[in-house]
Amino acid sequence: MNDANGFSWEFENTYAELPPEFSAEVTPARFRSPRVAILNHRLADELGLSVPDAEEPSVASVLAGQAIPAGARPIAQAYAGHQFGGFTMLGDGRAILLGEHRTPAGRLVDVQFKGSGRTPYSRRGDGLAALGPMLREYVVGEAMHALGIPTTRSLAVVATGEKVRRERPLPGAVLTRVAASHLRVGTFEYAASFLGESAVRTLADYAIARHDPELAAEPQPYLAFLRAVIDRQAALVASWQLVGFVHGVMNTDNMTISGETIDYGPCAFLDEYHADMVFSSIDEGGRYAYKNQPPIAQWNLCRFAETLLPLLDADKDEAVATATTAIESFVPAYEGYWLDGMRRKLGLQQEESGDRELVEALLKGMQAAGADFTGTFRQLAETGRLPLDLENDECLRAWREQWTERLGREGRTPESAGPQMRAVNPAVVPRNHRVEEALAAAENDDMTVLHDLLAALSKPFDSSAAPEYQQPPPANRPRYRTFCGT
Ligand code: AMP
Ligand code: MG
């Protein structure tokens, strides 16, 4: 049934029903003239929302938090987190959970506003968001989804019509984000550090009911839950590595229990391959560099496991031993996902003991040659050959011969492996320069560049995308930097 504003929400408020320390009731800030910048009709349909036309004023009003739908109970969630290694109390400083929507398929999803005003957890922040970064989250999230990588999604970005004060005044916006949940490693750290064991148990039971209901019947449900989260994150981070995605700010508050990618701030995709690549201007030590993402994920999962210790065993030493074993399983799990994924990228259907070395030799050659990450794999998939500019690179030529032999042992050739490879090596990823170009146009009220980019990103494995979306940036560009806290 559609409500007075034309939406058909089916809200539940399970998180708001947790003990009061877990959240705070809040009211979104007032914005005088909100206007829809972009609306994700396909997602709205999947969610069974039957959103009216984006031009309807009621749509902007609802998606800017100005008209609270019946059944919604807006809250800000409390959480803590390790930011660049240091522990802090955080919480939704500029986000408001409108409620949890039950989809026609029976899935429960969080519907959250980002940039909707101050909350009790805002600290010194203004609670607001600028249009560019919210559109960036929209674009990169949708691209990740199309690539088949678990992620939060964006339902809409609404321009508030007001300026936010940053280094210069910028147009303000509210993003509506849809997630399997917003439970984070940091949520458990908050419960463990500030609320105590019984709150951790309550939270763990809640998370199990929400994400792993089948584990409730296990003999050791909390251990099974820990293992499930470790496995999801191992799979997730492997999928990032396989497409050259650098999250940029893998603080424990930005790591979900659901295994979805969350918080597209200073993220970027590799153009030129280099394992040390870091884009975020604030990540001076390279803590969250491309090559560090797997070990950082494991470090974050250690913080998660620590919060569960009292639930794992009454005996502290036993609990630590159990958690340690679980945490150690991250490495083989990650490496398994990564190597399987790399085999698929190279068209290999069988396992051989030298496969890891084969992949590493390729990456080493790519790094030495400054090869484009996405472009090199895609070229191999499309033609069975190296990109033209690398054809004379001795290392890579030798590698290609090895690879051809390796495929030969499966009775295949680079050409015959092509179709399988094209299904997993994207032609189109949200290249940093294209995203920036689309955001700059959007800031000048031209959304066409962004819509064209989104159309290309929605079919990442399709070679027919316009060449400009497939090509790396011009070689003489300055190093790409991203900025946080906008
Ligand atoms: P992030 O690094 O974007 O995940 O954010 C880290 C923390 O800072 C979270 O608690 C955010 O809610 C908070 N935060 C970020 N920007 C703002 C802002 N403009 N106002 C208030 N809180 C913010
Ligand atoms: Mg965050």
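This section describes the ligand site, the strand pairing and several individual residues of a predicted model. Local features require pLDDT of at least 70 and side-chain atom pairs count only at pLDDT 80 or more, whereas totals for chains, interfaces and linings use all residues. Residues are numbered from 1 along each chain as its sequence is written, chains are lettered from A and ligands numbered from 1 in the order in which they are written, and side-chain values use heavy atoms, with hydrogens and water left out.

The shell around ligand 1 holds 17 residues, of which Gly91, Gly93, Asp126, Gly127 and Asp263 come nearest; a residue is near a molecule or strand if one of its heavy atoms lies within 4 Å of it. By class, three residues of this shell are nonpolar, seven are polar and seven are charged. In this classification Ala, Val, Leu, Ile, Met, Phe, Trp, Tyr, Cys and Pro count as nonpolar, Asp, Glu, Lys and Arg as charged, and the others, Gly among them, as polar. Both domain 1 (11-179) and domain 2 (185-338) give residues to the shell, so ligand 1 lies between them; the domain bounds come from an automatic or database domain assignment.

Polar contacts are pairs of N or O atoms within 3.5 Å; within protein, one must be able to donate a hydrogen and the other to accept it, and residues adjacent in sequence count only if both atoms are side-chain atoms. A polar backbone atom of Gly127 is 2.8 Å from a nitrogen atom of ligand 1. For Arg94, a polar side-chain atom lies 3.2 Å from a nitrogen atom of the ligand, and for Leu128 a backbone N or O atom lies 3.4 Å from a ligand nitrogen atom. Taken alone, ligand 1 exposes 480 Å², and the protein buries 85% of that (Shrake-Rupley method, 1.4 Å probe; for residues, only the protein chains shown count as cover).

Asp263 is located in the loop between β11 (245-246) and β12 (268-269). Helices (H or I, at least four residues) and strands (E, at least two) are DSSP runs, numbered from the N terminus. Asp263 has a positive phi, near 65°, although this residue is not a glycine. With a relative accessible area of 15%, Asp263 is buried (buried, under 20% relative accessible area; exposed, over 50%; partly exposed, in between; 1.4 Å probe, protein chains only).

Strand pairing requires that DSSP find at least two bridges between the strands. Strand β9 (residues 153-165) runs antiparallel to β3 (residues 35-39), to which four bridges join it; Val36 stands opposite Val158 in β9. Nine bridges join β9 to β10 (residues 169-179), again antiparallel, and Arg153 has Val178 of β10 as bridge partner. The hairpin from β9 to β10 passes through three residues.

The loop between β10 and α4 (185-195) contains Ser181, which is buried at 1% relative accessibility. The Ser181 side chain reaches the backbone nitrogen of Leu183 at 3.1 Å. Ala129, in the loop between β8 (108-114) and α3 (131-146), is likewise buried, with a relative accessible area of 1%. Ala129 and Gly172 are 43 residues apart in sequence, with a C-alpha to C-alpha separation of 5.7 Å.

Strands β5 (residues 80-83) and β6 (residues 86-89) pair in the antiparallel sense over four bridges, and Gly81 has Thr88 of β6 as bridge partner. The two strands form a hairpin with two residues between them. Phe84, in the turn, has a positive phi of about 50° although it is not a glycine. Phe84 is partly exposed, with a relative accessible area of 31%.
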